[in-house]
Amino acid sequence: MTDMKGAVSGRSPERVPTARAAGVVLVIVVAALIAGCTLAPKEARLVARDLAAGQAPTEFKEITATPSRRTVTFSGEKQSYRADLYVPGPVPEAGILLMPGAAEQGKDDPRLVNTARTLARARFLVLVPDIPGLRRLQVTPANIQHVTDAIRYLASGRDFPSPPRIGAGAFSYAVGPVLLAARRPDLAGQVDFVVGVGGYYDLEEVLTFATTGYYRQQGEWHYRRPNEYGKWVFVLSNLSRLADPDDRRTLRRLANWHLAGRPGPQPEVGLSGEALDVYRFVTNNDPDRVPALIGKLPLAIREAIRELDLANRDLSSLKANLILVHGRRDDIIPFTESVRLAEALPEGQTELFILEGLLHVNVSALSIFDQNRMAHAVDSLLRQRAAQP
């Protein structure tokens, strides 16, 4: 097995390119030229292909050492954590926290596991914590402290040599808590970079899209049919903030009924007070009614929205370099959210990559043009390492 330096510089195991392989390369090069962009560096292209391939064989897997995966425990400010640590074969050149999103498998979600392994092959020390609330599809302000505790542990070097550079990666709604933690004064000097895929900026705009399908671009409404998953996860995430246990049970049944893909609307039988306000909010299809309907939500839900929102925060204390990736056809969080987030930060601090075919966080089926664009985003991440091959 060769090292990555040899692979990138052309000293990988000798292969005689076939006419077919040469033709594929020619097609990719021509496509990139047509798209008006240059090919990303070779290592970035190998990493991007490995990210898209999941567990399937790739050239990158052939030329890099298989990382180890072990369980670690650490204590935070208010709780203890279990996490998976992915350790590369060579000495790590950076550490990265991968924050799980709202997914029932949490840190064991196959997509997250594959991403962590690929990054470890690229010489990142990767930490993936287990956050039980996220496995229950609960996104809460407490996630900000979870990120803070995990970054502090990653920077401590308690169970491993402290990486020279520290970053964080997040998908979907996890992007908000990661950025809110990274802007804290006590972490501002420790977080060197943040990668956000399919993230958000303004939660009212996100909830408008999730419930009605409308999003704003340059001040005008545009429509795209939203994924039902987003709004019913919002319901499940906020059940604990309803006072009446009967309302919580009824809304949980309704949310699970919709998430199972059953046709047609469920009648509002058995809903009262707070639960009825939540139901009317998520089933509304008029974007102009959203602010008023949010105003009728239970106070605890409104406070959680405010605490997780980025649009109402001063982000000037955020010193990390940002790499944002978003799909133009994202049907859970509109791409305009990453555009607005990039615009809210100083010029030169953020790199934004909009991919035409990326569906939220699924990178497994991208066009040639998007593959090259994704490879450029990966190259930006690889350049965050302390040492270059």
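Predicted model: local features only at pLDDT ≥ 70, side-chain atom pairs only at ≥ 80, totals over all residues.
Residues are numbered from 1 along each chain as its sequence is written, and side-chain values use heavy atoms, with hydrogens and water left out. Local features need pLDDT of at least 70 and side-chain atom pairs count only at pLDDT 80 or more, while totals for chains, interfaces and linings use all residues.

Let's start with the strands. Helices (H or I, at least four residues) and strands (E, at least two) are DSSP runs numbered from the N terminus, and two strands pair if DSSP finds at least two bridges between them. E1 (residues 68-75) and E2 (residues 80-87) run antiparallel, joined by eight bridges, with a hairpin of four residues linking them. Val-72 has Ala-83 in E2 as its bridge partner. E2 also runs antiparallel to E4, through four bridges, and here Asp-84 stands opposite Val-128 in E4.

Now for the inside. A nonpolar core is a set of buried Ala, Val, Leu, Ile, Met, Phe, Trp, Tyr and Cys residues joined through side-chain atoms within 4.5 Å; buried means under 20% relative accessible area, exposed over 50%, partly exposed in between (1.4 Å probe, protein chains only). The largest core has 75 residues, and Leu-127, Leu-251 and Phe-281 touch the most other members. A second, separate core holds 38 residues, including Leu-51 and Ile-96. Leaving aside neighbours within four places in sequence, Phe-281 is in contact (heavy atoms within 4.5 Å) with residues including Leu-207, Phe-234 and Leu-297.

Next, the open space. On a 1 Å grid over the protein atoms alone, a pocket is an open set of points where a 1.4 Å probe fits, with protein on both sides within 12 Å along at least five of seven lines; lining residues have an atom within 4 Å of a point. The largest pocket is lined by 46 residues, and Arg-111, Phe-171, Val-197, Val-361 and Asn-362 lie nearest its centre. Helix H5 (110-121) gives the most to this lining, with five residues.

Finally, the backbone. Most residues other than glycine have a negative phi. Arg-123, in the loop between H5 and strand E4 (124-129), has a positive phi near 75°. Gln-218 also has a positive phi, about 55°, and sits in the loop between strand E7 (214-217) and strand E8 (220-223). Which of these is buried and which exposed? Arg-123 counts as buried because its relative accessibility is 6%, whereas Gln-218, at 81%, counts as exposed.
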